[in-house]
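Hi,

Here is the structure I said I would pass on. Have a look at it first, and then read my notes below.

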Amino acid sequence: EETLSIAIDEKFAGQAVKGDRIAIKSLPNRELKINDRHYSLPGFSHLDIALQNIYETEHECILIIENYRCFDALEKMNLNLDGLYKDPIVLFRGDNTYSEKTLRKLLAKLKRPVIAMPDIDPKGISIAQSFPYIVGLVMPSLLDLELLFEDEGYVNPELYKNQFSGSYNALTKSPYPLVINIWEMMKKYQAGIVQEHWLKGLDKLIVYRLDA
């Protein structure tokens, strides 16, 4: 609209109107606390907002969810978050509509501890460990995870096969003990597990610190 003061074409600025937008929400039955205000969102919904219009949050940490279905249907998951992580602001990692680059800009802006819920596959874990301020992953316990890798109804060998070479260096040279542990497990079973399984509500999800 600013271009209309110097031109008759409102698209003269050449900028994408829907660029640099973020999909955010709170945990189920909690308020979204941004910009000195609290908002109650309906279930299975989120707030779409421009990066430039987020300047503050009262949430003590940030939860990033890789897949949109899991972000949208968070109510279905068996989440067990406590302590510093009990009330995060929840962000969708991104797709063709919401850019991961915009997400990273927001992380740099808010400077809060980050926990991530990725797919348990090479690419998902590799990207998760690369986020600024990352401190942990939201996932089943390592004992439960190993049992899931032994279940043919959970594992997907194609994920491991297709993502192995692209993620090998980042995972092998990871500075985080937890990532190395998960990487060894994936190599052992030569498979990955997508997070949509958590929507069954059968798997208890906890925060594992990366340095654990």
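Predicted model: local features only at pLDDT ≥ 70, side-chain atom pairs only at ≥ 80, totals over all residues.

For the terms, helices (H or I, at least four residues) and strands (E, at least two) are DSSP runs numbered from the N terminus, and two strands pair if DSSP finds at least two bridges between them.

Residues are numbered from 1 along each chain as its sequence is written, and side-chain values use heavy atoms, with hydrogens and water left out.

Contact here means heavy atoms within 4.5 Å; axes are lines fitted to C-alpha atoms, for helices over the stretch in contact, and angles run from 0 to 180 degrees between N-to-C directions.

Strand β5 (residues 62–65) is worth a look. I62 and I64 point one way from β5, L63 and I65 point the other way, and all are buried. Buried means under 20% relative accessible area, exposed over 50%, and partly exposed in between (1.4 Å probe, protein chains only). β5 is parallel to β7, with four bridges, and I64 has L91 as its bridge partner there. Four bridges also join β5 to strand β8 (residues 114–117), again in parallel, and L63 stands opposite I115 in β8.

Leaving out residues up to four places away in sequence, S167 touches P122, K123 and S126.

Then the charges. There are ten salt bridges, counting a side-chain nitrogen of Lys or Arg within 4 Å of a carboxyl oxygen of Asp or Glu. Some that I looked at:

- D72 and R69 form one, with the closest N and O atoms 3.9 Å apart. Both lie in helix α1 (residues 68–72), three residues apart, about one turn of the helix. D72 is buried at 13% relative accessibility, whereas R69 is partly exposed at 39%.
- R104 and E100 meet at 3.0 Å, N to O. They are separated by about one helical turn because they are four residues apart in helix α2 (residues 100–110). R104 is partly exposed, with a relative accessible area of 25%, and for E100 the value is 25% as well.
- K188 and E146 form another, the closest N and O atoms being 2.8 Å apart. This pair links distant parts of the chain, with K188 in helix α6 and E146 in helix α4 (residues 142–149), 42 residues apart. K188 is exposed at 56% relative accessibility, and E146 is partly exposed at 24%.

Cheers
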